[in-house]
Amino acid sequence: MHRIKLTVAYDGTAYCGWQVQPNGTSVQSVLQAAVEDLVGGKINLTGASRTDSGVHALGQVAIFDTDMDLDPRQFARAINVRLPEDIVVQESCEVPIDFHPRYAKIRKTYSYRVLNSSVPNPFLRRYSLFYPSRLDLQAMQEAAAILTGRHDFRSFSSKKPDVGSTVRTIESLTLERRGDLITLRVSGDGFLYHMVRILAGTLLKVGRGQKNITDIRQALRNPRFQAAGPTAPARGLLLEKIEYLE
């Protein structure tokens with residue numbers, strides 16, 4: 001038996017998220033069907049990150065087990081011919097049979113893009129949030145510095161977490177502006193439900209002068225959902241990569 005690891009990119013616009021759902025088409029269900037067509041039988045496809053409806057990915061990771069005798073590097077090409085154009089397996093390789101994409105020491109990197117312009121750009125409408133209001137980037141960067149580090153991020157989750165701890169480590173949180181496009185990029189050991197989108201929504205409020213540094217500190221000291229900002233729309237969010245550190 002071989003365990004095959006896939007690195008997957010997808011445009012999440014047409015999907016109800018990564019995970020199989022009863023009320024819509026998911027990335028996982030489409031990819032699993034393609035793999036099953038290739039190997040000629042049922043497989044269990046497990047992903048590293050359960051991205052939400054409309055969220056995109058460049059570096060999602062998934063695994064499946066098979067006894068098919070094929071060069072592990074060739075699975076990517078063989079699966080891709082069975083996939084729609086908005087899902088692509090970028091790489092395939094064999095990993096140890098006990099490797100699990102979620103239960104390992106990892107670093108996840110997400111980016112969130114904001115088109116801060118007076119007019120929308122039709123070519124970016126699926127991949128960024130159009131935000132015409134003026135933003136104070138320096139204030140946003142100062143708030144981002146406070147959010148960096150190990151904190152209780154319960155205020156930055158849109159529902160009561162079903163995990164034992166809401167403490168997470170943000171290794172880096174940066175904002176960069178190139179022309180009209182502002183990119184927030186965050187790396188950490190894991191994120192709560194909607195956490196990155198709430199971080200983006202909070203920093204946008206700071207940029208508008210509707211929240212300040214004191215509000216950010218209060219959200220970290222007194223974990224209450226209302227202390228943080230709103231959940232930014234899904235279309236601006238991209239799972240860039242997942243790194244396995246051990």
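These are my notebook entries on a predicted model of one protein chain.

**Ground rules.** I number residues from 1 along each chain as its sequence is written. In this predicted model local features need pLDDT of at least 70 and side-chain atom pairs count only at pLDDT 80 or more, while totals for chains, interfaces and linings use all residues, and side-chain values use heavy atoms, with hydrogens and water left out.

**Overall form.** I looked up the secondary structure and found five helices and 10 strands. Helices (H or I, at least four residues) and strands (E, at least two) are DSSP runs, numbered from the N terminus. The radius of gyration is 19 Å, close to the 18 Å of the globule rule for 246 residues, so the chain is as compact as a globular protein of that length. That radius is taken over C-alpha atoms, and the rule is 2.2 Å times the number of residues to the power 0.38. The C-alpha trace spans about 60 × 40 × 30 Å along its principal axes.

I then checked burial. Buried residues make up 50% of the 246. Buried means under 20% relative accessible area, exposed over 50%, and partly exposed in between (1.4 Å probe, protein chains only). Next came contacts, meaning heavy atoms within 4.5 Å. Among contacts between residues at least 6 apart in sequence, 71% join residues at least 24 apart.

**Salt bridges.** I counted 11 salt bridges. Each is a side-chain nitrogen of Lys or Arg within 4 Å of a carboxyl oxygen of Asp or Glu.

- Arginine 126 pairs with aspartate 11 at 3.8 Å, N to O. Arginine 126 sits in the loop between S5 and strand S6 (129–130) and aspartate 11 in the loop between strand S1 (2–10) and helix H1 (27–39), so the pair ties together parts 115 residues apart in sequence. Arginine 126 is partly exposed at 39%, whereas aspartate 11 is buried at 14%.
- Glutamate 36 meets lysine 42, with the closest N and O atoms 3.9 Å apart. Here glutamate 36 is buried at 15% and lysine 42 is exposed at 76%.
- Glutamate 240 bridges to arginine 185, with the closest N and O atoms 2.9 Å apart. This pair links distant parts of the chain, from strand S10 (residues 237–244) to strand S9, 55 residues apart. Arginine 185 is partly exposed at 31%.
- Arg107, Glu171 and Glu243 form a network of salt bridges.

**Cavity.** How many cavities of 30 Å³ or more are there? I found one. A cavity is a set of points, on a 1 Å grid over the protein atoms alone, where a 1.4 Å probe fits but cannot get out; lining residues have an atom within 4 Å of a point. Grid points are joined across faces, edges and corners, and the volume is the space filled by probe spheres set on the points. The largest cavity has a volume of about 50 Å³. Its lining includes Tyr112, Met140, Thr183 and Leu204. Strand S5 (106–115), strand S9 (181–188) and helix H4 (195–207) each supply at least two lining residues. By class, I noted nine nonpolar, one polar and no charged residues. Ala, Val, Leu, Ile, Met, Phe, Trp, Tyr, Cys and Pro count as nonpolar, Asp, Glu, Lys and Arg as charged, and the others, Gly among them, as polar.

**Cysteine 16.** I found cysteine 16 in the loop between S1 and H1. Cysteine 16 is partly exposed at 23%. Its C-alpha atom is 6.8 Å from that of glycine 54, 38 residues apart along the chain. Leaving out residues up to four places away in sequence, cysteine 16 touches Gln21, Gly24, Thr25, Ser26 and Ser53.

Technical notes:
1 Å grid on protein atoms, 1.4 Å probe; cavity = no way out; pocket = protein on both sides within 12 Å on 5 of 7 lines; lining within 4 Å.
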